[in-house]
Amino acid sequence: MEPVLNTLKEAIEYFSNPANCREYIVARRWPDGVTCPQCGSTNVTFLEKYNRWQCSARHDARQFTAKTGTIFEDSPIGMDKWLMAMWHVVNCKNGVSSYEVHRAIGISQKSAWFMDHRIRHALTLGTINKLSGQIEADETYIGGKARNMHSAKRARKITGTGGKDKTAVMGILERGGKVRTTVVGSRRKKELQAEVRKHVEAGAALYTDALLSYEGLEGDYAHKVVDHAVQYVDGRVHTNGLENFWSLLKRGISGTYISVEPFHLFRYLDEQTYRYNNRKMTDGERFSMAVSGIVGKRLTFDQLTGKTVTTTCVN
Ligand SMILES: [Zn+2]
């Protein structure tokens, strides 16, 4: 019987036993019994001595482990360390840097950086339902010199400009529910409206600021606008839910991650979005769900770095 894990200490103790690591993953990856990742057969035999299974069907790669086909595949790092890194990423409220993971778990910082990115990759949403009810949509800029984004943000709310060295991020939030975030190329009408239509059910109440890019959504949504040059809240018409999310995100990025290259920004968004959307869970539940997402999400170092070996792994 698997124990309920609620604290880092409990997790460290439990996962110090390799059999517990394996069983924890198996229970989430194959809740209905172990199946061969190659052919799907349930006719598999566990080889205790080698800590792997063998499929009884005749095909290549008949032997597999709990790591095969997951974000852990091909990694020489032990499962205990992977799971502990994962615990840190999903449960540290403002995020955790690869330096912290490197120190906490005793692996090189570069390994920790790579693991952290693979873990973030596992946190990405699979199939998703559209948001409904009361929806806030807003954009912000991340990066560049604007460490303290709040005043900069006010400025751009009025001027409508971000900086050249900043990346535009769009957020869509269902009040009392979940948030979706996307790195967008611009704040132009076509791009922002496509995101709204992709994520929000027609007929929902949509609250945005007075950005012209949102004009034209009235046909499909009950669109209400708050003009931030005048006021921040007009009854129910505000984007304060997203403002809170942005401040969490920026606290994480400026406090924890030394710098985030635009190329990797979406992974940090995925990480913060995952924690936010599952904020009502216990640490153990949030972790358990993350482990359930490890399958079919491999990410190689080349994919991760865009095949540039000179990339510095500093976050
Ligand atoms: Zn098979």
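In which helix is the place of phenylalanine 266? I found phenylalanine 266 in helix H9. For the labels, helices (H or I, at least four residues) and strands (E, at least two) are DSSP runs, numbered from the N terminus.

**Ground rules**

I noted that this is a predicted model, where local features need pLDDT of at least 70, side-chain atom pairs count only at pLDDT 80 or more, and totals for chains, interfaces and linings use all residues. Residues are numbered from 1 along each chain as its sequence is written, and side-chain values use heavy atoms, with hydrogens and water left out.

**Whole chain**

I looked up the secondary structure of the protein chain and got 11 helices and 10 strands. Of its 315 residues, 49% count as buried. Buried means under 20% relative accessible area, exposed over 50%, and partly exposed in between (1.4 Å probe, protein chains only). I also checked contacts, meaning heavy atoms within 4.5 Å. Among those between residues at least 6 apart in sequence, 62% join residues at least 24 apart.

**Around H9**

Back to phenylalanine 266: it counts as partly exposed, at 35% relative accessibility.

Then I went to glutamate 261, in the loop between helix H8 (240-255) and H9. Glutamate 261 is partly exposed too, at 30% relative accessibility.

**H3 against H9**

How do the axes of H3 and H9 cross? For helix H3 (residues 79-91) and helix H9 (residues 262-277), I read a crossing of roughly 75°, with the axes coming within 9 Å. Axes are lines fitted to C-alpha atoms, for helices over the stretch in contact, and angles run from 0 to 180 degrees between N-to-C directions. H3 and H9 are therefore roughly perpendicular to each other. The cut-offs: under 35 degrees is roughly parallel, over 145 roughly antiparallel, 65 to 115 roughly perpendicular, and the rest oblique.

I listed the residues that make the contact: Val89, Val90 and Asn91 from H3, and Glu271, Tyr274 and Arg275 from H9.

**H10 and its cover**

Helix H10 (residues 283-292) has these buried residues: Gly284, Arg286, Phe287, Ser288, Ala290 and Val291. I checked what covers them, and the cover includes helix H1 (8-15), helix H2 (18-29), H3 and H9.

**The zinc ion**

Which residues are the protein donors of the zinc ion? I found Cys36 (SG), Cys39 (SG), Cys55 (SG) and His59 (NE2), lying 2.1 to 2.3 Å from the ion. Donors are N, O and S atoms within 2.8 Å of the metal (3.2 Å for Na, K and Ca); water is not among the atoms, so sites may look incomplete. Along the chain, the donors follow the spacing C-x2-C-x15-C-x3-H.

The 4 donor atoms subtend angles of 107 to 114°, which makes the arrangement tetrahedral. Cysteine 55 is buried, with a relative accessible area of 1%, whereas histidine 59 is partly exposed at 23%.

**Two positive phi values**

Alanine 61 is not a glycine, yet its phi is positive, about 50°. I placed alanine 61 in the loop between strand E2 (52-55) and strand E3 (63-64). Aspartate 74 also has a positive phi, near 65°, and is found in the loop between E3 and H3. Buried or exposed? Aspartate 74 counts as exposed, at 60% relative accessibility.

How values were computed
Four donors count as tetrahedral if all angles lie between 85 and 135 degrees; four count as square planar and six as octahedral if opposite donors are over 155 degrees apart and all others between 65 and 115; anything else is irregular.
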